[in-house]
Amino acid sequence: MKLIVNGDAHDLAASDLAQALEVLDYGDAVVATALNGAFVPARARAATALNDGDRIEIVAPRQGG
């Protein structure tokens, strides 16, 4: 499936957002996710189906000020 992840095109074998994170090596990482501009909480990732052409944003928290 062709997906856009953080602005870059990827061809991923994933049917839901949780699987996509695993394939992209974000498995247990603490990150925030959005699908097509809508925030997806961690508990809903496995139930969030992906479609060809979807846009995924993955953001890791940062410390500092």
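**Close-up views of a predicted model**

View 1. The 5 strands are ordered β2-β1-β5-β3-β4 in an open sheet of mixed pairing. Strands are DSSP runs (E, at least two residues), helices likewise (H or I, at least four), both numbered from the N terminus. Two strands pair if DSSP finds at least two bridges between them. The edges are β2 (8-11) and β4, each pairing on one side only. On average, neighbouring strands are turned by 35 degrees against each other, direction ignored. For such angles, axes are lines fitted to C-alpha atoms, for helices over the stretch in contact; angles run from 0 to 180 degrees between N-to-C directions. This is a predicted model: local features need pLDDT of at least 70 and side-chain atom pairs pLDDT 80 or more, while totals for chains, interfaces and linings use all residues. Numbering starts from 1 along each chain as its sequence is written, and side-chain values use heavy atoms, leaving out hydrogens and water.

**View 2. The β3-β4 pair.** Strand β3 (residues 32-35) and β4 run antiparallel, joined by 3 bridges. Thr33 has Val40 of β4 as its bridge partner.

**View 3. The largest nonpolar core.** This core holds 14 residues. A nonpolar core is a set of buried Ala, Val, Leu, Ile, Met, Phe, Trp, Tyr and Cys residues joined through side-chain atoms within 4.5 Å. Val5, Leu12, Ala20, Leu50, Ile56 and Ile58 have the most contacts inside the core. β1 (2-5), α1 (17-23) and β5 each supply at least two of its residues. α1 gives the most, with 3 residues. Beyond four places in sequence, Val5 touches His10, Leu12, Leu24, Ile56 and Ile58. Contact means heavy atoms within 4.5 Å.

**View 4. Thr48 in the β4-β5 loop.** Thr48 lies between β4 (38-40) and β5 (55-59). Its relative accessible area is 15%, so Thr48 is buried. Buried means under 20%, exposed over 50%, and partly exposed in between (1.4 Å probe, protein chains only). The Thr48 side chain reaches the backbone oxygen of Ala44 at 2.6 Å. Not counting residues up to four places away in sequence, Thr48 touches Ser15, Asp16, Leu17, Leu35 and Val40.

**View 5. Gly7 in the β1-β2 loop.** Gly7 sits in the loop between β1 and β2. Gly7 is partly exposed, because its relative accessible area is 47%. Leaving aside neighbours within four places in sequence, Gly7 contacts Arg55 and Glu57.

How values were computed. A polar contact is a pair of N or O atoms within 3.5 Å; within protein, one must be able to donate a hydrogen and the other to accept it, and residues adjacent in sequence count only if both atoms are side-chain atoms.
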